[in-house]
Amino acid sequence: PATPSPDRVSEDPRTWIRGADVPDSAVLDILTDKQLGREIVLQVPADWWRDPNTGRLTACTVMATLCTKLAGQIYVDCQIVKPDNARRDGHILQLPVGSAKGCHPWHLRRLLDLRFNHPRTLADLQL
């Protein structure tokens, strides 16, 4: 089957399987955690990640590489791309996408709210 052209992207969220299927006009609140967790590069505040080399809380830039489900919670495995030493060492930050049952105060949806002033659509993220 042919790949649909960008102007023929479905507006039905149930059909959005790959990150490329989700239109920029998609409202973030209707995206599942799995849909939101795909193909994201973000700066993470210093108090969210402890550098294992220094033991200090450090700001970092992460790129989503894998989306997994563990015990009913969706997580995004993020490769740390900055600082450079963390990238060279292959460090990963496993970030919950949402706050299932309120058990994760730091999660991707909260990070997006902090970094992009409560974005409404994917286009608001300018990613």
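A residue is termed buried when its relative accessible area is under 20%, exposed when it is over 50%, and partly exposed in between (1.4 Å probe, protein chains only). The structure described here is a predicted model, in which local features need pLDDT of at least 70 and side-chain atom pairs count only at pLDDT 80 or more, whereas totals for chains, interfaces and linings use all residues. Residues are numbered from 1 along each chain as its sequence is written, and side-chain values use heavy atoms, with hydrogens and water left out.

Confidence was examined through pLDDT, the predictor's confidence in each residue on a scale from 0 to 100. The mean pLDDT of the chain is 80, and 83% of the residues reach 70 or more. Helices (H or I, at least four residues) and strands (E, at least two) are DSSP runs, numbered from the N terminus. Within the chain, confidence is highest in strand E4 (residues 92-96), with a mean of 90, and lowest in helix H1 (residues 33-36), with a mean of 77. Over residues 1-8, pLDDT stays under 50, and the model shows zero contacts beyond four places in sequence for this segment; a contact means heavy atoms within 4.5 Å.

The secondary structure comprises four helices and four strands. Along the sequence, these elements are arranged in the pattern α-β-β-β-α-β-α-α. Among contacts in the chain with a separation of 6 or more, 39% are accounted for by residues 24 or more positions apart.

Of the 127 residues of the chain, 35% count as buried. The chain exposes about 7,900 Å², of which 52% is supplied by carbon and sulfur atoms; accessible areas come from the Shrake-Rupley method with a 1.4 Å probe, and for residues only the protein chains shown count as cover.

Side chains of opposite charge can pair when their charged atoms come close. A salt bridge is defined as a side-chain nitrogen of Lys or Arg within 4 Å of a carboxyl oxygen of Asp or Glu. Two salt bridges are found in a search of the whole structure. In one of them, the side chain of Lys82 meets that of Asp84 at 3.9 Å, N to O. Another joins Arg87 to Asp84 at 3.5 Å, N to O. Arg87 and Asp84 lie three residues apart in helix H2 (residues 84-88), and are therefore separated by about one helical turn. Lys82 is partly exposed, with a relative accessibility of 48%; Asp84 is partly exposed at 35%, and Arg87 is partly exposed at 37%.
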